[in-house]
Amino acid sequence: MHGRQTRESVIRNRRAEEAERRTRAAAALQRRRQIAAAERGAVEKLRRDIVEDPMECIRRNNIWRGDLIPMIPIERNCMIVSDEKYDVDRLKTDVASAVSEAEAGETWVRKTNMWQSIALRTFDGKTGKDSAFLTSACLEEGQKERFRDTHILDACPYIKEIIGGLNTDVYLVRLLKLSAKGYHGFHHDGSVFNQRYTIIRLHLPIITNDKCKFLLGYPTMLPSPVEQAEGRGFRNVKRLYETHLTAGDMWFTNVTTLHAIENFSDEDRVHLVIDVKPTPEMFKKIYGSLTNYKP
Ligand SMILES: O=C(O)CCC(=O)C(=O)O
């Protein structure tokens, strides 16, 4: 009798424990859903705020300072700067030539697992891993004249024509591929592009679709000094604004503010990315006036 009671009470206890575990799990799930909904609500509110009262929104965020602050209205941070429609088929032909011209090992130099580049114009015309990024030292007087076409650009006559037609100083030029289902997280290139009156980044999308997005972010947490030292960026950046950069258009992108890229599609996305000195026309379109333009 005593043994049976014990077995029954053990079973009862187990059932009670199981029921309690389920109740706790359901409560935790509900809490997570509430937090996610509150975060979504906060981001939505943030998006509304930045449209309705951007200055107040910026003032409230202690992390959003200096060059990290996007231009207002927010659409100005990625905008088409030329009325010209470029020929996407001719651009695709040049991409194919660049890929076959790039020597083995140089084809699509890996920046990350999902993000690769082919250098068309670089500091001293070098190709390969270290040539595919820009430093502010390369842009100093006496240095910025050292940008040269790479041998790969010779295989891309249309891109060469486009670059020549910009009628301005052209620095780094690359084809940038973001793999299908690829993502590159929020970061900023402020250390170079803070000279916003002397250098801007242009994108000419070649292979793309509306599942490819350029994103702008809202910082909520500063990186730790260790993360900064290791070149790691801001964590927990909220998605503030997103846009699809259409093929055949020349886009300005503000890369001093937090930005990211994503490709939710099944095809690799390829952009021609051109770093140039803005012409007076581009400068006026982007910044709204010629104040501070440095000829
Ligand atoms: O779209 C790309 O491949 C590059 C975007 C980016 O992060 C940049 O231009 O800094």
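Reader: Before we start, how are residues numbered, and what pLDDT do local features need?
Author: Residues are numbered from 1 along each chain as its sequence is written. The model is predicted, so to speak of local features takes pLDDT of at least 70, side-chain atom pairs count only at pLDDT 80 or more, and totals for chains, interfaces and linings use all residues.

Reader: Ok, H4. Which of its residues are buried?
Author: In helix H4 (residues 157-165), they are Ile-159, Ile-162 and Ile-163. Buried means 20 or more other C-beta atoms within 10 Å of the residue's own; exposed means 12 or fewer, partly exposed is in between, and C-beta atoms are placed from the backbone. Helices (H or I, at least four residues) and strands (E, at least two) are DSSP runs, numbered from the N terminus.

Reader: Why are those on the same side of H4?
Author: Because they cover an arc of only 95° around the axis, taking the directions from the helix axis to the C-beta atoms. Glu-161, Gly-164 and Gly-165 are exposed on the other side of H4.

Reader: What covers the buried residues?
Author: The cover includes helix H3 (88-101) and strands E3 (115-123), E5 (170-178) and E12 (269-276). Contact here means C-beta atoms, placed from the backbone, within 7 Å.

Reader: Switching topic: how many residues has the largest nonpolar core?
Author: That core has 56 residues, and Ile-159 and Ile-274 are among those with the most contacts inside it. E5 gives the most, with 6 residues. A nonpolar core is a set of buried Ala, Val, Leu, Ile, Met, Phe, Trp, Tyr and Cys residues joined through C-beta atoms within 7 Å.

Reader: And what does Ile-274 touch?
Author: Leaving out residues up to four places away in sequence, Ile-274 touches Ile-163, Val-170, Val-173, Leu-202 and Leu-204.

Reader: What about E11, why is it largely enclosed?
Author: E11 is largely enclosed by the rest of the structure because 4 of its 5 residues are buried. Strand E6 (residues 183-187) pairs with E11 in the antiparallel sense over 3 bridges, where pairing takes at least two DSSP bridges. Strand E8 (residues 212-218) is also antiparallel to E11, joined by 5 bridges. Ile-261 of E11 is the bridge partner of His-184 and of Phe-214.

Reader: Last one: which residues are around the ligand?
Author: Among them are His-184, Ile-261 and His-271, each with its C-beta atom, placed from the backbone, within 6 Å of the ligand. E5, E11 (259-263) and E12 each give two or more residues to that shell.

Definitions and conventions:
Two residues are in contact if their C-beta atoms, placed from the backbone, lie within 7 Å.
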